[in-house]
Structures are given as C-alpha cells and as structure tokens.
Amino acid sequence: HRIFNNGRFDQGGRLYGGFWQGMQKKDRFSYIQVDNCPIVELDYGQMFLRLSYGMAGKDAPEGDLYSIPALNDRGATRQGIKEVINAWMFTTKPPSRLPQGTREHFDKKLHFADIREGILEYHKDVAHLFFRDTGMQLMFLESNILVTNMLALIERRITSLPIHDALLVPSMHKDVARRVMLDTFELIGRTTAVVNTIDS
C-alpha cells in the first residue's frame with residue numbers, strides 16, 4: 001500500500017507493507033528468492049538531488065552529487081553532505097546550524113557557513129529548491145517512478161519487490177530491470193539516473 005503525506009495525494013506516496021522491507025539487508029539476500037533465483041538490489045543513487053535537477057530543468061554535475069571536492073578536501077564526508085542536503089529539502093527556512101547528528105561528519109575546523117556556501121555554490125542550479133519543503137514532492141516523484149517500474153516489469157513477467165527508492169529483482173533479470181529503471185527515471189524525473197547494483 002502507498003502512504004501519502006500532509007493530507008495530499010501529490011506528496012509522499014511511498015510503498016509500505018512488504019515483509020522484506022523490515023529485514024536486514026544480509027537476510028534479504030540469504031533468504032529471499034524470486035522464481036527460484038537469487039535476488040539483487042537495484043538502487044537509485046542520489047535520488048532526491050537528481051530529481052531536483054530534473055525539476056529545475058538543469059543537467060546535474062558529473063559524478064556523485066554528494067561528493068563536493070571543495071568540502072571533501074577540508075574534512076567533509078560524503079555522508080555528511082548527503083544528510084545536510086536531504087535535511088534542507090524538508091525545511092522551510094535556511095538554518096543557522098547543521099542538522100542534529102551531522103556534526104561528526106565534518107572536520108571541527110569546517111564552519112557551518114563554509115559548509116552552507118560550499119553546497120549552495122556547487123549545486124547553484126537547484127539551490128532555489130532548498131529550504132522550500134520540497135522533500136514530499138520529490139518523494140511523490142520517487143514513488144511514482146517505483147510504481148511505474150513495477151508495472152513495466154510486470155508486463156515483462158518480472159517480479160520486483162520495492163524498498164522506497166530501490167527494487168529487489170531476480171538476478172537473471174537485473175539487466176532488463178536496470179534498463180527499465182533508467183528509462184522510467186528519465187521519463188518521469190526529466191533527467192538521467194544512476195542505478196547501483198547490490199548483490200550481498
């Protein structure tokens with residue numbers, strides 16, 4: 001079933017209820033098979049940030065969008081940058097400090113102002129979408145992409161199990177499923193996607 005948010009049908013919409021969603025990742029690979037075949041996880045990379053570029057009608061920078069050389073060189077981790085950016089998509093005003101629990105991902109000498117300006121400069125084409133509570137709209141796009149993927153795979157007689165921004169599929173069909181996911185993202189998200197394969 002899908003759960004929408006804020007009393008609207010254009011916000012949220014993620015799929016819930018599958019027994020596999022609450023399992024540890026290692027247990028999924030150990031205990032789940034589809035059509036007597038081991039599964040792989042196909043995971044969209046940098047989902048919300050890439051969808052932001054599509055929403056803005058801009059091309060995303062090459063490579064990992066959560067790796068910002070000007071900050072990484074000064075002691076910022078990829079995980080820290082990711083958590084900060086995602087938090088900014090679920091707030092309505094520019095913060096004056098890092099989100100709770102993220103300070104550990106940044107060198108103590110790296111001030112919040114430097115982090116803020118580094119992110120906003122690197123992602124200047126979508127900076128206007130930060131601090132506007134766009135997160136639930138992006139989640140709605142994400143959920144529509146996942147549902148569209150599942151329906152397209154059903155037409156190809158391929159079973160898929162959703163986990164928010166990822167699909168579990170039989171390993172023998174991973175190439176077809178990956179192609180479907182890339183095409184669907186480009187169609188709905190209006191930009192290119194990254195799909196990572198996880199098999200253990």
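**Close-up views of a predicted model**

View 1. The model is predicted, and local features need a pLDDT of at least 70 while side-chain atom pairs count only at pLDDT 80 or more, although totals for chains, interfaces and linings use all residues. Residues are numbered from 1 along each chain as its sequence is written, and side-chain values use heavy atoms, with hydrogens and water left out. Arg-179, at 45% relative accessibility, is likewise partly exposed, and its side chain meets that of Asp-183 in a salt bridge with an N to O distance of 3.0 Å; the term stands for a side-chain nitrogen of Lys or Arg within 4 Å of a carboxyl oxygen of Asp or Glu. By this rule, eight salt bridges are counted.

**View 2. The salt bridge between Arg-78 and Asp-64.** In this salt bridge the side chains of Arg-78 and Asp-64 meet at 2.5 Å, N to O. The pair links distant parts of the chain, with Arg-78 in helix α4 (residues 78–88) and Asp-64, 14 residues apart from it, in the loop between α2 (47–56) and α3 (69–72). Arg-78 is partly exposed at 32% relative accessibility, and Asp-64 is also partly exposed, its relative accessible area being 26%.

**View 3. The pairing of Glu-121 with Lys-124.** In the salt bridge that Glu-121 forms with Lys-124, the closest N and O atoms are 4.0 Å apart. Lys-124 is exposed, as its relative accessible area is 52%. Side chains of opposite charge can pair when their charged atoms come close.

**View 4. Helix α5 and the loop that holds Thr-134.** Phe-112, Ile-115, Gly-118, Ile-119 and Leu-120 are the buried residues of α5, and their cover includes α3 and α4. Thr-134 sits in the loop between α5 (112–122) and α6 (135–155), where it is buried at a relative accessible area of 4%. When residues up to four places away in sequence are set aside, Thr-134 touches Met-89 and Leu-129, a contact being heavy atoms within 4.5 Å.

**View 5. The whole protein, as a setting for the close-ups.** Seven helices and seven strands are present, and from the N terminus on they run β-β-α-β-β-α-α-α-α-α-β-β-α-β. The C-alpha atoms fill a box of roughly 55 × 35 × 30 Å, taken along the principal axes. A compact globule of 200 residues would have a radius of gyration near 16 Å, and the 18 Å of the protein agrees with this; the radius is taken over C-alpha atoms, and the globule rule is 2.2 Å times the number of residues to the power 0.38. Of the 200 residues, 44% are buried, and among contacts between residues at least 6 apart in sequence, 66% join residues at least 24 apart.

Key
Helices (H or I, at least four residues) and strands (E, at least two) are DSSP runs, numbered from the N terminus. Buried means under 20% relative accessible area, exposed over 50%, partly exposed in between (1.4 Å probe, protein chains only).
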